[in-house]
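Dear colleague,

I am handing over the structure below, and after it I set out what was found. Please read the notes with the structure open beside them.

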Amino acid sequence: MSMEGAAWNSLHRISAAKGGKNKFSKATFKRILSFAEPYRGRLVAFVLFSVVAAFLAIATPVLAGEVVNAIVDQDGVEVVIRLAIIIAAVAVADAAISMFTRWFSARIGEGVILDLRTAVFNHVQKMPIAFFTRTRTGALVSRLNNDVIGAQQAFSGTLSGVVSNSVLLVLTLLVMLNTSWLVTLLAVIMLPVFLLPARRMGRRLAALRREAADHNSAMGTQMTERFSAPGATLVKLFGRPAEESQEFEVRAARVRDIGIKMAMMQFTFVAALMLVSALALALVYGLGGFLALQGHLDTGEVVTLALLLTRLYAPLTNLANARVEIMSALVSFERVFEVLDLVPLIRERDNAGVIPDGPVAVEFDDVRFGYPSADKVSLASLEEVATLDTRGGEEVLHGVSFRVEPGQTVALVGTSGAGKSTIAQLLARLYDVDSGAVRLAGTDIRDVTFASLRDTLGMVTQDGHLFHETIKSNLRLANPDASDEQIWDALRRSRLEALIKSLPDGLETLVGERGYRLSGGERQRMTIARLLLAQPRVVILDEATAALDSTSEAAVQAALSEALEGRTALVIAHRLSTIRSAHQILVVEAGEIVERGNHAELIARDGRYAELHRTQFAAQDHDKAAVPSGPAPG
């Protein structure tokens, strides 16, 4: 590596490194080694090839000096040609070794990325819903991208750099000292002039890089939120596009200014170091030439010293920055391990069984529950806050007990925040109860496997979420082995067959982010079609028609009738007209069941359900009366 290359490399590594004063702990080191264990053989070969490459790097300057001596001493054409052939062979060997080293580096580095990403991804999938409701998606994705890549640099970059640079430095110093200890000593004395500015300039550049990264992150967040369908709609309806553009422009302008400042600082830094390098080289030629004229050095040795000088400054600079690289890699590893160390609240027991075949009854037995606080389910760094909110744990369900017989439909009604959706989430085991039990077919759901629970229970929520994939892919999420005939049957039963057949790409049509290319009613019927493909024995409907107009609601209700036929169902309804035929209606208020019975019984009782019924239908009658029947008189 040339002196200029060493200067740029040094500057980049220092300014790009992450700050912090972290220290290696034995536990962290052991965990890092555990990820390196599968690649132990490749790592050994990688290090050996790096050592060989260091020897070859020294061979060329020495051979070049021998060529000059052979020419000066008139040793003959054969000697010069032989040395030239050896130099060529060294170059070929160096290229081959470099290729093998790069291959090992890529295999190890990409393998570590695969292992770390897979470990983090699999672990995150085990986290409870409370984890995802609190963490910022961008911060979590960053752990899978930036931090994982930063961690693998410890294997593919730092390890080989420390080994090869150490060997190269030792060999270079030995050869230079053996050639001329005086010239070598003077060259080393000038080293601080090379390194100290790098440290000082590197810290300033690191601060500028962090500021630019913060601005870029803010711009990325702004673009992600504003460029999504709901975000763009919100800005157009209530936002101020001019102010949004101005805010974005201010950040972008600051990034531009930082870029200009960094470019000039980097150029000034490298120019200054190139000047120091030139002065050092002048010293070698001047002092070396003088010693050669005095007969203390051969002419070829002067050339060797000059060439070795570049081999001396580059490894010294890189080794001086090794600690920065190690600390940077350590920060990345610790950020990855931080996620892996977060224990999921919902875990499958080792001896978990399966739900028995046949009809399934649902039972809540004296269930009490409070949502966990943030410090139990999240990380401050993922929420991008200084400290986690410790509030939480207050009981929101107080001794809830009821039973849904196989094939029956039980409806939950009540005011917003009463605990209806919480009951549904506990049945789906998105959370675990604090006390009591939730049972399916007489089995506590904490004692069954996740797979058995998924096969038994299906849920349709209010938002009808879809992935930005094809219609077929979204439906097969419930049943990967479903045939096209089964998919079309589910679409027919969910009142979507005609619509999908009218689309140019049919089942291969992309639905857009969150399914926004479909209407609300169409998205909801898609989730019902997905439910029909899953064929669960227990169905949860969490206000599946609350956000729909009357036309869409009618279509969805018809599809729901197909989905609920012969199945045990727990239905949360905002519109009471949709659950009149339920076998039992439970009125939930403040986390307790205050009334239960069918529609006629509850109306006759003239309690809370009757009050909700009167209020809702009175409001509907008022809304109908308020709609003008025709144009206002002119």
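On one side of helix H2, Lys26, Ala27 and Lys30 are exposed, where exposed means over 50% relative accessible area, buried means under 20%, and partly exposed lies in between (1.4 Å probe, protein chains only). The buried residues of H2, which spans residues 26–36, are Thr28, Ile32, Phe35 and Ala36. These four cover an arc of only 105° around the axis, which puts them on the same side of the helix; the arc is that of the directions from the helix axis to the C-beta atoms.

Please keep in mind that this is a predicted model, in which local features need pLDDT of at least 70 and side-chain atom pairs count only at pLDDT 80 or more, while totals for chains, interfaces and linings use all residues. Residues are numbered from 1 along each chain as its sequence is written, and side-chain values use heavy atoms, with hydrogens and water left out.

For the protein as a whole, there are 23 helices and 10 strands; helices (H or I, at least four residues) and strands (E, at least two) are DSSP runs, numbered from the N terminus. Of the 634 residues, 44% are buried. The accessible surface comes to about 32200 Å², and 58% of it belongs to carbon and sulfur atoms; such areas come from the Shrake-Rupley method with a 1.4 Å probe, and for residues only the protein chains shown count as cover. Among contacts (heavy atoms within 4.5 Å) between residues at least 6 apart in sequence, 80% join residues at least 24 apart.

Turning to the sheets, six strands form an open sheet with mixed pairing, in the order S6-S7-S8-S3-S9-S10; two strands are taken to pair if DSSP finds at least two bridges between them. Strand S6 (457–460) and strand S10 (592–597) stand at the edges with a single partner strand each, so one side of each is left without a neighbour in the sheet. From one strand to the next, the twist averages 20°. Within this sheet, strand S3 (residues 409–413) and strand S8 (residues 568–572) pair in the parallel sense over four bridges, and alanine 411 stands opposite valine 571 in S8.

A further open sheet has four strands in the order S2-S1-S4-S5, with antiparallel pairing. Its edge strands are S2 (395–404) and S5 (443–444), each of which pairs on one side only. Strand S4 (residues 435–440) and S5 pair in the antiparallel sense over two bridges, and threonine 443 in S5 is the bridge partner of leucine 440.

Which helix lies across S3, S6, S7, S8 and S9? That helix is H15 (residues 420–427), which runs at about 150° to S8; axes are lines fitted to C-alpha atoms, for helices over the stretch in contact, and angles run from 0 to 180 degrees between N-to-C directions. H15 also lies across S1 (362–370), S2 and S4, running at about 115° to S1. Helix H20 (residues 520–534) lies across S6 and S7, at about 175° to S6.

Finally, the structure holds 20 salt bridges, a salt bridge being a side-chain nitrogen of Lys or Arg within 4 Å of a carboxyl oxygen of Asp or Glu. One of them joins glutamate 589 and arginine 608, whose closest N and O atoms are 3.3 Å apart. Glutamate 589 lies in strand S9 and arginine 608 in helix H23 (residues 608–626), so the pair ties together parts that are 19 residues apart in sequence. Glutamate 589 is buried at 17% relative accessible area, whereas arginine 608 is partly exposed at 24%. Arginine 608 also forms a salt bridge with glutamate 611, with the closest N and O atoms 3.3 Å apart; being three residues apart in H23, these residues are separated by about one helical turn. Glutamate 611 is partly exposed, with a relative accessible area of 38%.

Another salt bridge is formed by arginine 476 and aspartate 484, where the closest N and O atoms are 3.4 Å apart. Arginine 476 is partly exposed at 27%, and aspartate 484 is likewise partly exposed, at 30%.
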